[in-house]
Amino acid sequence: MGQWLCYCGNPMNDHNYPNENGFIAFSDYEWDDISCMTDDENNINWMDIPPSQYEVYKCPKCGRLMIFGESNRFLSYKPEFNIEDAKKILTESVNIEFHSQKNENMGNN
Ligand SMILES: [Zn+2]
């Protein structure tokens, strides 16, 4: 995917791993299959986990989710809420810690 622009104009990229805005999405069925990939000691070798069908990136500026399949095109989902309200609701209910946007130089690669 490299680098792209969110529809809000914010530059995005997948140059770093781990990426604080990147998520790997598995369906429940895929996750069930993965959870059954245990060895004799009930461990899962992460190298055995198949690649996900979708990669999801969250724009830290506007909160849109961009879902990539097997191409460099993505589907964009715009939140129906104010991103600051969403952060407050999620952190109060499930204690998810949001990371602040880093000032990375994203245009040189
Ligand atoms: Zn955005």
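Trainee: What stands opposite Ile24 in S4?

Mentor: Glu55 stands opposite Ile24. Strands here are DSSP runs of E, at least two residues, numbered from the N terminus. This is a predicted model: local features need pLDDT of at least 70, side-chain atom pairs count only at pLDDT 80 or more, and totals for chains, interfaces and linings use all residues. Residues are numbered from 1 along each chain as its sequence is written.

Trainee: What makes S3 and strand S4 (residues 54-58) a pair?

Mentor: Pairing requires that DSSP finds at least two bridges between two strands. S3 and S4 are joined by 4 bridges, so they count as paired. They run antiparallel.

Trainee: How do you know that S4 and S5 pair?

Mentor: By the bridge count again: 4 bridges, in the antiparallel sense. Val56 has Ile67 in S5 as its bridge partner. The two strands form a hairpin with 6 residues between them. Gly63 in that turn has a positive phi of about 85°.

Trainee: Why are S3 and S6 called edge strands?

Mentor: The open sheet has 4 strands in the order S3-S4-S5-S6, with antiparallel pairing. S3 (22-25) and S6 (74-77) each have a single partner strand, so one side of each lacks a neighbour in the sheet. From one strand to the next, the twist averages 25°.

Trainee: Which residue in S6 faces Phe68?

Mentor: Phe74 stands opposite Phe68. Phe74 also belongs to the largest nonpolar core, with Cys6, Met12, Tyr57, Cys59 and Met66.

Trainee: What makes that set a nonpolar core?

Mentor: A nonpolar core takes buried Ala, Val, Leu, Ile, Met, Phe, Trp, Tyr and Cys residues joined through C-beta atoms within 7 Å. Buried means 20 or more other C-beta atoms within 10 Å of a residue's own; exposed means 12 or fewer; partly exposed lies in between; C-beta atoms are placed from the backbone.

Trainee: Why is Gly9 called exposed?

Mentor: Gly9 has 9 C-beta neighbours inside 10 Å, so it counts as exposed. Gly9 is found in the loop between S1 (3-5) and S2 (11-13). Its C-alpha atom is separated by 9.9 Å from that of Cys59, 50 residues apart along the chain.

Trainee: Which residues does Cys59 touch?

Mentor: Cys6, Cys8, Asn10, Met12 and Arg64, not counting residues up to four places away in sequence. Contact means C-beta atoms, placed from the backbone, within 7 Å.

Trainee: What is the mean pLDDT of the protein chain?

Mentor: On pLDDT, the predictor's confidence in each residue from 0 to 100, the chain averages 82. Over residues 101-109 the pLDDT is below 50. Where pLDDT is low, the predicted coordinates should not be read in detail.

Technical notes. Contact = placed C-beta atoms within 7 Å. Axes fitted to C-alpha atoms, helices over the stretch in contact; angles between N-to-C directions.
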